[in-house]
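Please read these notes alongside the sequence and the model. They run from the overall fold to single residues.

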Amino acid sequence: MKLHCFERTFFHSSSSLTPIQLPSPMETHLWYVKPSEVKSGSLLNQYLDILPPCERENVLQMRGEELRKSALLARALVRTTIARYQINSHSNPRSLKFRKNLHGKPEVQWQFRDDQHPPPLHFNISHTTSLVACGVTTNAQIGIDVEEKHRSIKHNILSFARRYFSKHEVQFLAAISDPQVQRMEFIKLWTLKEAYVKALGKGFSGAPFKTFTIRFKGVMEGGFITLEDLSPKASEIVVDSFDDPADLTSNWQFSLLELANSHYAAICTEKHGAGSGKRNAPGKLTVWKTVPFLEDECVSGTAAVKIICGVQ
Amino acid sequence: MAAVSATCIRFGTSVELPVRANNQIIGKSSSLVSFGWGKTGGFPCIRTSRLQICAAKPETVEKVSDIVRKQLALSPETQLTPQTKFTELGADSLDTVEIVMGLEEEFDISVEEENSENITTIQEAADLIDKLVDKKA
């Protein structure tokens, strides 16, 4: 399926991407696209154009325009985002190669003569039909998940939680009497759990949801508190795993945000130099809203990014 | 840059993936193979006289498709084949987990986490269900 790129001569793929420095070790970059804001047919053709045939095929196999568009934007976002960091002077999104690790987690296949020292860039993407996001870190595993705030859950929340979540999490949700609030807390918890599993990179069965608890450690220890009770500075999100010893799970830090008033986004990253008992300063997060090749807008600190918990 | 209207984002003609007849698992020395083609929304199915290598029962495949349709709120025009991947239909991980839960409720089975990762198509779901249901019997 060859598409007509009649406006191609007006765009130079690599020079339309604003180059940027890799995040520092304690920093995370988050880039997102809203498919509804990408309307230009020629721009979408450009995105298709930077994909290799197999990725193009995957995009076109999606059933329906909306799904094809968000699948395309996901691939375009990941390629253009990584290209911005100009690793080893490579700035062409088309030339990036990807592969999956043993458990299916996508990673960049860096092209080197010397394969011993791959660049320290890590990424993870998540997408819904209404928002596509890509997180980037340096020297730290990362997992992200985005969900629509108003996503409907077909099953009864507590039945679902009893089947898939840990006992502590079920109790947390069961204590919420308002069904709307309960649903939203459920979605937040889901995104956090997904982000953790994706950061681990072991696949859904590598860290079954029932085997770990995500909870909110607030100023008041003990008792059940909803996220409304927490102020971002006073609390952190922690994970307890039944399988791993406690010190391994303290290697992970979480952030939970509301993006563009429409989505919850959870980010889980590896912490380095975690001293026992020492509470690390929360990492820095910078968020850009982008339409690749067209415009980027740093939205950190604006209404588009509401930090629920975890970062400064 | 000239404004391009929203209709330009159509990716050419819609892609209809052909249903390949040889997708079903056929036993090496199956003696009787028959194809049945249902009406629109039905499925090609193969019955072999060898029980051990057998595609799932058509009723199972049908029930799985119904559950998938409901979970993903698909339009009636959306064609489903046994080979259709959930991801092609826009299912994310939460949808897949809800689908698995729906299947567990419908068939009164329990799907282990390792297995739920392997359920990526309607056929795979149906095969696993029949296997688990048979084990129970």
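1. Of the 312 residues of chain A, 54% count as buried, buried meaning under 20% relative accessible area, exposed over 50% and partly exposed in between (1.4 Å probe, protein chains only). This is a predicted model, in which local features need pLDDT of at least 70, side-chain atom pairs count only at pLDDT 80 or more, and totals for chains, interfaces and linings use all residues. Residues are numbered from 1 along each chain as its sequence is written, chains are lettered from A and ligands numbered from 1 in the order in which they are written, and side-chain values use heavy atoms, with hydrogens and water left out.

2. Chain A has seven helices and 13 strands. These are DSSP runs numbered from the N terminus: helices are H or I with at least four residues, strands are E with at least two. Contact means heavy atoms within 4.5 Å. Take the contacts in chain A between residues at least 6 apart in sequence: 65% of them join residues at least 24 apart.

3. The record deserves a note. UniProt, in an unreviewed entry, lists residues 141-217 of chain A as "domain: 4'-phosphopantetheinyl transferase". UniProt positions follow the numbering used here, feature names are shortened, and annotations may be inferred rather than shown by experiment. In the model, this span is 49% helix and 17% strand, and its end C-alpha atoms lie 22 Å apart.

4. How do helix α6 of chain A and helix α2 of chain B cross? The axes of α6 (residues 179-200) of chain A and α2 (residues 93-107) of chain B come within 11 Å and cross at roughly 105 degrees. Axes are lines fitted to C-alpha atoms, for helices over the stretch in contact, and angles run from 0 to 180 degrees between N-to-C directions. So α6(A) is roughly perpendicular to α2(B); the cut-offs are under 35 degrees for roughly parallel, over 145 for roughly antiparallel, 65 to 115 for roughly perpendicular, and oblique for the rest. Phe186(A), Trp190(A) and Glu194(A) make the contact from α6(A), and Ser93(B), Leu94(B) and Val97(B) from α2(B).

5. Helix α4 (residues 157-164) of chain A is largely enclosed by the rest of the structure, because six of its eight residues are buried. The buried residues in α4(A) are Ile157(A), Leu158(A), Phe160(A), Ala161(A), Arg163(A) and Tyr164(A). At the helix start, a side-chain oxygen of Asn156(A) comes within 3.1 Å of the backbone nitrogen of Leu158(A).

6. Ser40(A) sits in the loop between β1 (27-33) and α1 (41-49) of chain A. Is Ser40(A) buried or exposed? Its relative accessibility is 12%, so Ser40(A) counts as buried. A polar atom of its side chain lies 3.0 Å from the backbone nitrogen of Leu43(A). Glu169(A) is 129 residues away along the chain, and its C-alpha atom is 44 Å from that of Ser40(A).

7. Check the loop between β9 (252-259) and β10 (263-270) of chain A, where Ala260(A) lies. Phi of Ala260(A) is near 50 degrees, a positive value in a residue other than glycine. Ser262(A) lies in the β9-β10 loop too. Leaving aside neighbours within four places in sequence, Ser262(A) contacts Lys34(A), Glu147(A), Glu148(A) and Lys149(A).

8. Chain B has a positive phi to inspect as well: Ala73(B), a residue other than glycine, has phi near 50 degrees. Ala73(B) is in the loop between α1 (58-72) and α2 of chain B. With a relative accessible area of 62%, Ala73(B) is exposed.

Note on methods
A polar contact is a pair of N or O atoms within 3.5 Å; within protein, one must be able to donate a hydrogen and the other to accept it, and residues adjacent in sequence count only if both atoms are side-chain atoms.
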